[in-house]
Amino acid sequence: MKRDDGIEKTTRELQERVKELNCLYHISELINKKSSNTEDTLQSVVDYLPEGCQYPELACVRLVVGEKEFKSANFNTTQWKQEADVLVENQRIGCLEIFYLQKMPEADECPFLGYERKLLNNITGMLGKYIERKITEEKLKRSEKRFRDIFNNSADSIFIHDLKGNILEVNDVACERLGYCREEMLKLSVLDIDSPDTAHLAFKRIRKIKEEGEYTFEAVHRRKDGSVFPVEVNSRFIEYGDETAVVSIVRDITERKKMEEEMSKAQKLESLGTLAAGIAHDFNNLLMALFGNISLAKMKLPENHPAIEPLNSAEMAMDRATSLSNKLLTFSKGGEPVKKVFNAGELVKDVVELDLSGSNVKAEIEKDDDLWKAEVDKSQFQQVVTGLVVNAKDAMPEGGTLTVKMENVPINDNYVAELEPGNYIKISFSDEGKGIERGNLDKIFDPFFTTKKFGSGLGLSTAYSIMKKHHGCIKVESEPGKGSTFILYLPAADFDDWE
Ligand SMILES: Nc1ncnc2c1ncn2[C@@H]1O[C@H](COP(=O)(O)OP(=O)(O)O)[C@@H](O)[C@H]1O
Ligand SMILES: [Mg+2]
């Protein structure tokens, strides 16, 4: 009898244990299912849990996590309840409750059996770990998103590539600037985006990064369409997954380069100006002495003396020398322009018509009716216009038309790199002459550059420095054989200053 009791008890305990383990197994499967979201998972645990109880049909379950509640279908609160806290990092974040809907026979923890308590405790333990994992995953996801946002919203291109140069990751800016989509980029190597002239330096650079940990250098990048642009690259090593990779932050320095070029052009002009001023000044003094002595010599000779003629020729040559040295002086004449508000349109029209009168070049002048006024040094500005008109005449020895267009242009972005945003008067001079060879385009503003037999090469350099001093600029567009267009941008005067 006693022995049977023992067996019966062991059998019952074994059955309870099997039930408990089954339930735990099933719930651990629910929790580890990858595809479902957190709320669905918790609900499915709650739905399943009554199965693990002694009287499944009469049990109901509620799980409270923070503000959220999950209940089994037949849920109702009663006095026959068992509960356990859900803990995350030792903090209570909710609780799990099991109720029996009716009074049941008395048991270990009335009316619950010992195994039901163990089951409840085990399940809340599992739920705690599960929720903790979800919170960590969520945090990770958020921080990943934050980094991805920073990565993609950076003003600079960012590349991650391995030590062989293969691109592993790029941000949106990099794709945009180079004209590739992300998938295309990830198939490329840094050699594909380096300009062909500098691609051979890639491995030298990687070696340098290895040696110094970080390396900043200038390079030239090539877009998908083959066009190139200057960049500044800052590279360093990072751990990327299991491998060592290089992260490069790449800045487009097109604007900076342009500015630097402008600056160095302006500096060159300035130092040449100082030099020219010195020469012209000494030169004028010497010419004065020459003039004086020649006329003295002429006075001492009888009129029909054979030396008179060569002396006359000498005087003529000196006239030319004087005019050249005066040109030099205007080019170099530092000094701020003495500016007044003028109707620049009228001024241009008058100068153009005067300079072309009697020549075989005709002027066609188009002008906005309400053309803004400008603050200019009248004689300096006249000199700029005359220089351009004379050049146009020289370019069209057989005659033609010089079209002068004057319009108001507000500039509010980097439309013309060296201009501050603001209102400008744009004056363009288009001729039908022989145009300018491509190779000469960036030389024509250099002082003394000329392609003419008797040119001084000072017209455009003077125009350049005068426009600069007026906070404007001069630009050129030309195609050999099709003529040239010179464009002046002159800042408009404030309306208040108009007379
Ligand atoms: N309208 C134009 N058409 C063709 N070439 C031009 C024109 N204006 C200037 N150039 C070129 O630029 C050079 C420099 O011009 P500039 O500084 O005025 O000096 P110069 O007229 O004394 O040669 C010229 O020699 C010429 O080659
Ligand atoms: Mg000239």
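This is a predicted model: local features need pLDDT of at least 70, side-chain atom pairs count only at pLDDT 80 or more; totals for chains, interfaces and linings use all residues.
Reader: Happy to start with the chain as a whole. Which domains does the assignment give?

Author: The domain assignment lists domain 1 (2-137), domain 2 (155-252), domain 3 (259-331) and domain 4 (340-497). As for spacing, 108 Å separates the C-alpha centres of domain 1 and domain 3.

Reader: And what does the UniProt record cover with its "domain: PAC" annotation?

Author: That unreviewed entry places "domain: PAC" at residues 215-265. In the model, the stretch 215-265 is 61% strand and 24% helix, with its end C-alpha atoms 30 Å apart.

Reader: Now a sheet. In what order do the 4 strands of the open sheet run?

Author: Strands pair when at least two bridges link them. Here the order is β2-β1-β4-β3, with antiparallel pairing. β2 (68-71) and β3 (81-88) each have a single partner strand, so they are the edges and one side of each lacks a neighbour in the sheet. From one strand to the next, the twist averages 15°.

Reader: How many bridges join β1 to β4?

Author: There are 7, between β1 (residues 59-65) and the antiparallel β4 (residues 91-100). For a landmark, find V61, which stands opposite I98 in β4.

Reader: Let's finish with a helix. How far does α11 reach from its first C-alpha to its last?

Author: A helix is expected to span 1.5 Å times one less than its number of residues. Helix α11 (residues 378-395), with 18 residues, reaches 26 Å, close to the 26 Å expected.

Reader: What caps the N-terminal end of α11?

Author: D377 does, through a side-chain oxygen 3.3 Å from the backbone nitrogen of S379. Further along α11, the buried residues include F381, V384, L388 and A395.

Notes. Residues are numbered from 1 along each chain as its sequence is written. Chains are lettered from A and ligands numbered from 1 in the order in which they are written. Side-chain values use heavy atoms; hydrogens and water are left out. UniProt positions are given in the numbering used here, feature names are shortened, and annotations may be inferred rather than shown by experiment. Helices (H or I, at least four residues) and strands (E, at least two) are DSSP runs, numbered from the N terminus. Buried means under 20% relative accessible area, exposed over 50%, partly exposed in between (1.4 Å probe, protein chains only). A polar contact is a pair of N or O atoms within 3.5 Å; within protein, one must be able to donate a hydrogen and the other to accept it, and residues adjacent in sequence count only if both atoms are side-chain atoms. Domain bounds come from an automatic or database domain assignment. Axes are lines fitted to C-alpha atoms, for helices over the stretch in contact, and angles run from 0 to 180 degrees between N-to-C directions.
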